[in-house]
Amino acid sequence: MAKSLSSRTFDQLKSWNADWSGLRVLVIGLGETGFAVVDTLLELGCQVDVLANDALTERRALAEIIGARVFLSTDPGTESLLAESMPDLVVTSPGIESHCPTLKQALSLGLEVWSDLEVAWRTRDKIG
């Protein structure tokens, strides 16, 4: 059974070998880097939702095949995605502007927000 975030802290997530399992993550953006973040987080055992303004059909399909739930910002109900899924962590892809409504909402809710570079730094010790 996955540990809840209350039983661990983000400070403990500084290695590929840390216990990332069950962490609920919302990734904003599904370009090349956003997809790499999604793939990495799923491999680590996270539960991943993705919100994208647009996404290549193939990339969206592949993200869903490997286990992510993908929502386009034009899909009905995405304005309440944060409130419904209440992720532990929000990760932004490059190109996501600070005025992005979902990012602003995440910050106003006090959610932990990282860039793609933060994920890369914290998982830099992967071997193989």
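Guide: Happy to. The second largest pocket has a volume of about 150 Å³. Before going on, some ground rules: this is a predicted model, where local features need pLDDT of at least 70, side-chain atom pairs count only at pLDDT 80 or more, and totals for chains, interfaces and linings use all residues. Residues are numbered from 1 along each chain as its sequence is written, and side-chain values use heavy atoms, with hydrogens and water left out.

Visitor: What is a pocket, and which residues line the second largest pocket?

Guide: Rolling a probe the size of a water molecule over the atoms shows where empty space is left. On a 1 Å grid over the protein atoms alone, a pocket is an open set of points where a 1.4 Å probe fits, with protein on both sides within 12 Å along at least five of seven lines; lining residues have an atom within 4 Å of a point. A volume is the space filled by probe spheres set on the points, with grid points joined across faces, edges and corners. Here, the second largest pocket is lined by residues including Arg 24, Val 25, Leu 26, Gln 47, Val 48 and Asp 49. Strand 1 (24-28) and strand 2 each supply at least two residues of that lining; strands are DSSP runs of E with at least two residues, helices are runs of H or I with at least four, and both are numbered from the N terminus.

Visitor: How do the residues of that lining divide by type?

Guide: They divide into six nonpolar, three polar and three charged. Ala, Val, Leu, Ile, Met, Phe, Trp, Tyr, Cys and Pro count as nonpolar, Asp, Glu, Lys and Arg as charged, and the others, Gly among them, as polar.

Visitor: And what about the largest pocket: how much space lies in it?

Guide: About 260 Å³. The largest pocket has 17 lining residues, and Ile 28, Ala 52, Asn 53, Ser 73 and Cys 100 lie nearest its centre. Strand 2 (47-52) and helix 4 (101-108) are the elements that give two or more residues to this lining, with helix 4 giving the most, three residues. By type, the lining of the largest pocket splits into seven nonpolar, seven polar and three charged.

Visitor: How do I read a nonpolar core, and which residues have the most contacts inside the largest one?

Guide: Think of a set of buried Ala, Val, Leu, Ile, Met, Phe, Trp, Tyr and Cys residues joined through side-chain atoms within 4.5 Å. The largest nonpolar core has 26 residues, and Leu 41, Val 48 and Val 91 have the most contacts inside it. Strand 1, helix 1 (32-43), strand 2, strand 3 (69-72) and strand 4 (89-92) each give two or more residues to this core. Helix 1 gives the most, with five residues.

Visitor: Now the rings: how many aromatic pairs does the structure hold?

Guide: Two. Rings of Phe, Tyr and Trp (its six-membered ring) pair if their centres lie within 6.5 Å; planes under 30 degrees apart count as stacked, over 60 as edge-to-face and the rest as tilted. Phe 10 and Trp 114 form an edge-to-face pair, 5.7 Å centre to centre with 70 degrees between the planes. This pair links distant parts of the chain, Phe 10 in the segment before strand 1 and Trp 114 in strand 5 (residues 112-115), 104 residues apart. Trp 20 and Trp 114 also form an edge-to-face pair, at 6.2 Å and 85 degrees. Both Trp 20 and Trp 114 are buried, and Phe 10, Trp 20 and Trp 114 form one aromatic cluster.

Technical notes. Buried means under 20% relative accessible area, exposed over 50%, partly exposed in between (1.4 Å probe, protein chains only).
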